[in-house]
Amino acid sequence: MPEVSDVYQLTKVMHIISRKFHAVLDYMSGAVLIAAPWLLNFDHSDTGAGVAVFAGILILVMSLMTDYEGGVMRVIPMSGHLNMDVLLGVLLAASPWLLGYASEVFLPHVVMGLLAIGSGLLTVRRSLNSRLAK
């Protein structure tokens, strides 16, 4: 059975994305998702475009409210933000099939969803103002 210190060291290694870089990823992915229907020519898919734009806006709003270097209001703890990233990533990746628009577009949603899952799992979980973060 692994020692507690071994598990702690493993989780430190797994969190390879800093909060500051995660903030950059958040704002970039939010902007990309909002612009994707027109940049990638799937604006003809009302549902596909709507899901992408909604997810992009949600990411930007959540980023503004998160307690990390990119946050303004800093009311959402970093761990909550990352949990939402994973949940949003799963829903975004599955949405073409869940909502029935996979025959029109699916790749941007799957790619961005998988990126959200990865960044949610690989980012440092402590909030900026956490006494453990200092």
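**Ground rules**

I number residues from 1 along each chain as its sequence is written, and I leave out hydrogens and water, since side-chain values use heavy atoms. The model is predicted, and I take local features only at pLDDT of at least 70 and side-chain atom pairs only at pLDDT 80 or more, while totals for chains, interfaces and linings use all residues.

**Entry 1: the chain**

I looked up the secondary structure and found five helices and zero strands. Along the sequence the pattern reads α-α-α-α-α. Helices (H or I, at least four residues) and strands (E, at least two) are DSSP runs, numbered from the N terminus.

I then looked up burial: 40% of the 134 residues count as buried. Buried means under 20% relative accessible area, exposed over 50%, and partly exposed in between, with a 1.4 Å probe and protein chains only.

For contacts (heavy atoms within 4.5 Å) I noted the sequence separation. Of those in the chain with a separation of 6 or more, 64% are between residues 24 or more positions apart.

**Entry 2**

Two packed helices are described by the angle between their axes and the distance between the axes. Axes are lines fitted to C-alpha atoms, for helices over the stretch in contact, and angles run from 0 to 180 degrees between N-to-C directions.

I find helix 2 (residues 19-39) packed on helix 3 (residues 46-64) at about 160 degrees, with the axes 8 Å apart. Helix 2 is therefore roughly antiparallel to helix 3. Angles under 35 degrees count as roughly parallel, over 145 as roughly antiparallel, 65 to 115 as roughly perpendicular and the rest as oblique.

The crossing of helix 2 and helix 3 is left-handed; that term applies if the near helix is turned anticlockwise from the far one by less than a right angle, and right-handed if clockwise. On the helix 2 side the contact includes Asp26, Tyr27 and Trp38, and on the helix 3 side it includes Ala49, Gly56 and Leu64. I sorted the residues of this contact by class: 14 nonpolar, four polar and one charged. Ala, Val, Leu, Ile, Met, Phe, Trp, Tyr, Cys and Pro count as nonpolar, Asp, Glu, Lys and Arg as charged, and the others, Gly among them, as polar.

**Entry 3: helix 3 with helix 4**

Helix 3 and helix 4 pack at about 175 degrees, with axes 11 Å apart. They are therefore roughly antiparallel to each other. Val51, Ala55, Leu58, Ile59, Met62 and Ser63 of helix 3 meet His81, Met84, Asp85, Leu88, Leu92 and Ser95 of helix 4. By class I have eight nonpolar, three polar and one charged.

**Entry 4: helix 4 with helix 5**

I looked up helix 4 (residues 78-98) and helix 5 (residues 107-122) and read an angle of about 160 degrees, with axes 7 Å apart. The two are therefore roughly antiparallel, and their crossing is left-handed. Among the residues in contact are Leu82, Gly89 and Trp97 of helix 4 and His109, Gly113 and Leu121 of helix 5. The contact of helix 4 with helix 5 divides into 12 nonpolar, six polar and one charged.

Leucine 87 is in helix 4 and, at 45% relative accessibility, counts as partly exposed. I read 9.2 Å from its C-alpha to that of glycine 113, 26 residues apart in sequence.

**Entry 5: histidine 109**

Histidine 109 is in helix 5 and is buried, at 1% relative accessible area. Leaving aside neighbours within four places in sequence, I find histidine 109 in contact with Phe42, Gly48, Val51, Ala52, Leu92, Ala93, Ser95, Pro96 and Tyr101.

**Entry 6: aromatic rings**

Rings of Phe, Tyr and Trp (its six-membered ring) pair if their centres lie within 6.5 Å; planes under 30 degrees apart count as stacked, over 60 as edge-to-face and the rest as tilted. By this rule I count one aromatic pair. Tryptophan 97 and phenylalanine 106 form it, tilted, at 5.6 Å centre to centre and 50 degrees between the planes. Tryptophan 97 is exposed at 52%, and phenylalanine 106 is partly exposed at 38%.

**Entry 7: positive phi**

Most residues other than glycine have a negative phi, and most peptide bonds are trans. Asparagine 41 has a positive phi of about 55 degrees. Asparagine 41 lies in the loop between helix 2 and helix 3 and is exposed, at 58% relative accessible area. Arginine 74 has a positive phi near 55 degrees. Arginine 74 sits in the loop between helix 3 and helix 4 and is partly exposed, at 33%.
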